[in-house]
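Good morning, colleagues. Please look at the model on the screen while I take you through its fold, its packing and its contacts.

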Amino acid sequence: MLYREAGDFKTTYVDDSQTFPIKFDRAGFWVTMAVAWLVIPFVINDYWASSLLVPFLIYAIAALGLNILTGYCGQVSLGTGGFMAVGAYACYKLMTAFPDVSILIHVVLAGGITAAVGAAFGLPSLRIKGFYLAVATLAAQFFLVWLFNKVAWFYNYSASGQINAPERLVAGVAVTGPNTPAWAQYLICLFFVTLCALVARNLTRGSTGRKWMAIRDMDIAAEIIGVNPLRAKLTAFAVSSFFVGVSGALFFAVYLGAVEVGEAFGIQKSFLVLFMIIIGGLGSIFGSFAGAAFLVIMPVALKWLGVDVLGWPTDLVAHFQLVIVGALIMFFLIKEPHGLAAIWRHIKEKLRLWPFPY
Amino acid sequence: MNIKTLIAAAVAGTMTAGSAVADLVIPDLSYRTGPYAAGGTPVSDGYQDYFNMLNARDGGIGGVPIRIVECETGYNTEKGVECYESTKGEGALIYQPLSTGITYQLIPKVTADNIPLHTMGYGRTSAANGEVFNWVFNYPANYWDAASVAVNYLLDENGGSLDGKTIALVYHNSAYGKEPIRTLEALSEMHGYDLSLIAVDHPGQEQKSQWLQIRRERPDYVLMWGWGVMNQVAVQEAANINFPMENFIGNWWAGSEHDVLPAGDAATGYKSLAMTRSADYPVFGHITEYVHDAGNAAGDGSNMGTVLYTRGMYAAMLAAEAIAKAQEIHGVAEITPAMMRDGMEALDITAERMAELGMPDIGPAFSVSCEDHGGTGLGLVQQWDAAAGVWNPLTDFIAPDNSVTDPLIAEDSAAFAAENNIEAGCL
């Protein structure tokens, strides 16, 4: 009744090819945007920002990036943590080398540098596929972490090997460093998330995205119909790495403020982002957000429930977290192998028929 | 009104709100899970038991009960930040995260939020310069002291010269493990030994290649900056390649019972530094009587008397003494984090006071000042006796070479001050 195409007349081609063809979806999108941009910044506090919203937004960018590569182009990557590290260290080097340039530019440049590194590591994808490619990207993960640990230039020769984000301002308000207000931290991440999601959505439904999906579904067939696999795969690697690099830069500069490469960008980070897109849904923009939200909010919610509400010992709750998150991942994969995005799709189909299903 | 004054106003607001709370809030950022739980658990047990004992025996400190808020970090910086943000609003007086990685996250945050941070024998060494790091304390000793103490001990063993000797440093490949490198390099120029650096990646279960390298290079001495499961593996691997255990010295985080027990008899002779002396202190009787017998033991209550339990209790004692000092200075019982900082800066731990508290000679006597947040830096060397199952102290407290560490601290803290636009000075 509420959710249907009927009655929503489109009179131009632009209207016809818009992102949300259904009125209800459009309204939902604008309400979400309004809440995210106009309501949350006024009510957010330090705890909500650093424990939930900022990590959620940053992981959402990383999940978007990996989803482009794995979900849309079909190239499995286990190098996400390493590419996030490239973004973080590029951002750090740029921030310290050019302190007068805006941090916004640095974050974008960090994404660009990561894109170049990602494309270079994507070259083997032309020769190898599937599990073998996963192993090649795994090598990238370990190599990059080793590199940032080994070469002191990357961390400006600091005694501890840590990188620390100095304070940087946007429009007179600190967005990195300890004096950052929670709303500024949130807004800068939201700004990049919105931008990245719009770009990702429009890339994936345009000709570039169709080429990626053709390669994913059958690369030989794609080649025969005229898709250049070199260009398709390398653009997927570059665009994906750009997003991952932006998320790495924000993760370091805005969220944590100080980073140690082995701990922050280790192999577990690659798996975390991979789990996000698998649980959220491969090849879906909504899925990237849903997966990131699931894996960021679930542990915090369980901790709140166990420690603050039920008063259980902290170690017991920490162990239960692993058990419950693991069980939920299995449950979702058995019940809905295509992720939260598929559940969302089913709900929408049901909604179309509601209240007169047949 | 610029953003700084806004923040200052907000902080002042939270502080007045904090002082309305009727107890002394001590967050315990512990880790009882993950690869570092073996070290995190006893420290946290000792930390909590001591405060619980004060609550049961004395009704808290100065008549105000202590409330411990435990939060599990798993030695993970992201969770550590989450713990900090979720506990700071409760009026937290002091943070002791027991993790160098989390410490680096928290240094800027506590400075902005005006809450003292105490990193006892870990964390950022240059925080000893209290004029730059107003809110960070690392008394009574830090890593650069530890490195210097270890070298001084070796000098003593070798008749005052290490010329031509080789020392290998096996270190956790993180901020924690990298801290002593600078000092050891400076000392190697001074004393003429060769330093070989051997990194072990987190979590440290895989050390075959590192010890193969040691077997090939045959260094005269191996120093280790390890933590968690890495220590046990290293001791076992050293035993496997028949490295002479008496030439293998861990730092004070690599010298507890659980580190050497898995290797059995082969671990006999392994040495480690220690910043607290292990003994059967009278205070344990109080903890047993008031806490354990009442069924309130932290954890499973099995760690009492171990090296790390004693150290956790020592950390709690230093915090409790600072609270008492702050109450004395400001004349109020319900103190704020800012008052706590004043108490820590005026802290004076004497031998008499330690005896009075039921822990005679547990650590060196020291006092803190605005310029010096680092304490004396003394450490002793202890050796494991597997048959008896005890750590035997080999030396008395050894002094570090301040002529090496002081310039390094001045240099590093000046770099931090320049990076963050901090004007050095006392509060």
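I begin with a definition: two residues are in contact if their C-beta atoms, placed from the backbone, lie within 7 Å. In chain A, 75% of the contacts with a separation of 6 or more are accounted for by residues 24 or more positions apart.

This is a predicted model, in which local features need pLDDT of at least 70 and side-chain atom pairs count only at pLDDT 80 or more, whereas totals for chains, interfaces and linings use all residues. Residues are numbered from 1 along each chain as its sequence is written, and chains are lettered from A and ligands numbered from 1 in the order in which they are written.

Let me turn to chain A as a whole. Chain A has 15 helices and four strands (DSSP runs numbered from the N terminus, with H or I of at least four residues for helices and E of at least two for strands). Its radius of gyration is 21 Å, close to the 21 Å from the globule rule for 358 residues, so chain A is as compact as a globular protein of that length. That radius is taken over C-alpha atoms, and the rule is 2.2 Å times the number of residues to the power 0.38. The C-alpha trace of chain A spans about 70 × 55 × 45 Å along its principal axes.

Next, one helix pair. Helix 7 (residues 182-204) and helix 10 (residues 229-256) of chain A pack at about 175°, with axes 11 Å apart. Axes are lines fitted to C-alpha atoms, for helices over the stretch in contact, and angles run from 0 to 180 degrees between N-to-C directions. The angle makes helix 7 of chain A roughly antiparallel to helix 10 of chain A (under 35 degrees is roughly parallel, over 145 roughly antiparallel, 65 to 115 roughly perpendicular, and the rest oblique). Among the residues making this contact are Phe192(A) of helix 7 and Phe243(A) of helix 10 of chain A. By class, the contact residues are 10 nonpolar, one polar and no charged. Here Ala, Val, Leu, Ile, Met, Phe, Trp, Tyr, Cys and Pro count as nonpolar, Asp, Glu, Lys and Arg as charged, and the others, Gly among them, as polar.

Finally, the chain interface. How many residues does each chain give to the contact? Chain B gives 34 residues and chain A gives 30. On the side of chain B that touches chain A, helix 4 of chain B provides the largest share, seven residues. That side has eight nonpolar, 13 polar and 13 charged residues.
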